[in-house]
Amino acid sequence: MPTSSADETGRPPAYLQVDDLAAGYGASVIVNGASAGVGHGEIVTIVGPNGAGKSTFLKAIVGMIPALSGKVRLGEEDVTNMKANNLAKRGLGYVPQVNDVFETLSVLDNLAIGGYLLSRPGAARRMEAVLETFPALKTMLKRTASKLSGGERKMLAIARVLMLEPRLLVLDEPTSNLSAELSRMLLEEHVRRLGKGGTALLIVEQKALAALTISDWAYVMAAGTMKVSSAAKDLLARKDIGEVFLGRSTEGPNVQRASGGIC
Amino acid sequence: MQQLIPAFGFGLITASILAIAAVGFTLQFSVTNILNLAYGDIMTACAFAAYLANHAGVNIWISLVVGALFGAVFSMLLNRLVYFGFVRRGTRLFGMIIVTIAVSLIIQNLLLAIFRPTFFTYEASQGPSYQLGSMVFTASQLAIMGIAVVAMVCVHLLLTQTQLGKAMRATATNPGLARSCGIPTDQVIDAAWLVSGALCGIAGVALVLNTATFSETTGAAFLVPIIASAVLGGIGQPYGAMLGALTIGIAGETAAALMSPAYKDVVAFVILIVVLLVRPQGILSEIAAAKEVAA
């Protein structure tokens, strides 16, 4: 249960609804009773200190690890513990923090595999559209993904996931290896545009301030559960919560400076 | 020098069999992440399956198809019923190697119990001989080389031109990400066992066709050059395995001609050791490097 919850009126009806989720690795339960929702066209960011269980929460939603209890609903359907490949068919796209591309394959192959579920003409059409969105990729189609820079690589990862035009896009720390400049471009340009286009976005982000400025809704996660559920702009306005959850993470004062530089 | 050219001919035949086997072995590893050391014994089991068909009056080339089908189904079931249980429980690469060694011993001793310790031969004519320069090939040797070329072309087309090949390459590189792209990786892995098992079966029957007699240890004895070929090419790389098979096959037969047949495996070992010293990731190394298991 969120200890502080804002008025949720005005939020779009939830397309992804997660209730009381528990998940972890082996015997250690990392996420315990976490709930969150994302509506069509809504950008939702989960922030919180390292080790809060943010990535684990995402992994359990997207079928990378089993949910131990709780419920995940996508549209009208219960998709708890559904295999990731079946979730992809239902319009869920996921970009992990690491291992986010097929390293040994070319940029072109990465995109082609992203369009695995499409017909041949459908994949060709999407490839064109995606390269229109990320024109820089056009010049490096033959390059092996492992040889890309951090920014190019993340661009490829997102281009790859967009091949299927997901209705819900889950991004795990999309800016973690990017410069401040690239982070801002990714979030303010691409993520914002996707939200405007009707895609539901669920994002976990260390660069909390940068992410919150483009988000509609935010959750603060700590110790495996959501402590705060609030409109992003309200959260940004609260001085105290900023100190506790955004600035003073377990990494110490450096993080504060890094985050400060981005906003 | 005079015996070198015929030796080169023998080398081509060995390389053909080796290529079929090594491509199957390396494909199996790259997609499923299991270094299956029972591969040689499965080759023997397939040779026996073909033997039963052959001695029931079936033509040897149709018996080869029987061997391939047996290899495909046997390998897939072996994974589903034995290997997958360990993988699900989190057994890692090295632990799985031990499991495959156990399976290797079980298969070999089961074959010994069923067929008894003696030598077997197919009922097949080698056909007429053909002279190519100073190399002489029998019709069945030419057929083996033809089958190898066709198999390699098929593997190439499978990997580069089909949806399944795309799914296999994706699963080999990053199974989690492949799933989130909508690829049913469990079925892809089944398919990889079927395809590599069929190659294993073809190689097993071709090996016996070429050596004329076989026993329960024939395939296992062939495992060293198979692994040498696969590692030489960069484990997990089908094209590398083809290249490795050509090198090991021809070098082994040349050494046999120049010194003694006893040196065949020694040459394979020496090449393997030199490659491991100079370029441990193999000639074509992308996948091996990605999996951090450079032999």
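1. Helix 10 of chain B passes helix 11 of chain B in a right-handed crossing; a crossing counts as right-handed if the near helix is turned clockwise from the far one by less than a right angle, and as left-handed if anticlockwise. Helices (H or I, at least four residues) and strands (E, at least two) are DSSP runs numbered from the N terminus. The model is a predicted one, in which local features need pLDDT of at least 70 and side-chain atom pairs count only at pLDDT 80 or more, while totals for chains, interfaces and linings use all residues. Residues are numbered from 1 along each chain as its sequence is written, and chains are lettered from A and ligands numbered from 1 in the order in which they are written.

2. Helix 10 (residues 223–232) and helix 11 (residues 238–258) of chain B pack at an angle of about 130 degrees, their axes being 7 Å apart. That angle makes helix 10 of chain B oblique to helix 11 of chain B. Axes here are lines fitted to C-alpha atoms, for helices over the stretch in contact, and angles run from 0 to 180 degrees between N-to-C directions. Angles under 35 degrees count as roughly parallel, over 145 as roughly antiparallel, 65 to 115 as roughly perpendicular, and the rest as oblique.

3. On the helix 10 side of this contact in chain B are B:P225, B:A228, B:S229, B:A230 and B:L232, which meet residues of helix 11 including B:G244, B:T247, B:I248 and B:G252. Two residues are in contact if their C-beta atoms, placed from the backbone, lie within 7 Å. By class, the contact of helix 10 with helix 11 of chain B has 7 nonpolar, 4 polar and no charged residues. The classes are nonpolar (Ala, Val, Leu, Ile, Met, Phe, Trp, Tyr, Cys and Pro), charged (Asp, Glu, Lys and Arg) and polar (the others, Gly among them).

4. Helix 11 of chain B also packs on helix 12 (residues 264–278) of chain B, their axes coming within 8 Å and crossing at roughly 135 degrees. B:T247, B:I248, B:A251, B:G252, B:A255 and B:A256 of helix 11 make the contact with B:K264, B:V267, B:A268 and B:I271 of helix 12 of chain B. Its composition is 7 nonpolar, 2 polar and 1 charged residues.

5. Of the 21 residues of helix 11 of chain B, 17 are buried, so this helix is largely enclosed by the rest of the structure. A residue is buried if 20 or more other C-beta atoms lie within 10 Å of its own, exposed if 12 or fewer, and partly exposed in between, with C-beta atoms placed from the backbone. At 1.5 Å a residue, helix 11 of chain B should span 30 Å, and its end C-alpha atoms are 30 Å apart, which agrees. The expected span is 1.5 Å times one less than the number of residues.

6. Helix 5 (residues 139–161) and helix 8 (residues 185–211) of chain B pack at about 160 degrees, with their axes 10 Å apart. They are therefore roughly antiparallel to each other, and their crossing is left-handed. Among the residues making this contact are B:I144 and B:I147 of helix 5 and B:L199 and B:I202 of helix 8 of chain B.

7. Chain A has 10 helices and 11 strands, and 48% of its 263 residues count as buried. In helix 6 of chain A, the buried residues are A:S183, A:L186, A:L187, A:V191, A:L194 and A:G195. After helix 6 of chain A comes A:G198, whose phi is positive, near 105 degrees.

8. A:N99 has a positive phi of about 50 degrees although it is not a glycine; A:N99 lies in the loop between strand 7 (92–95) and helix 3 of chain A. A:A223, also not a glycine, has a positive phi of about 50 degrees and is found in the loop between strand 10 (217–222) and strand 11 (225–231) of chain A. Most residues other than glycine have a negative phi.

9. Between the chains, 19 residues of chain A are in contact with 18 residues of chain B. Helix 2 of chain A gives the most to the side of chain A that touches chain B, with 4 residues.
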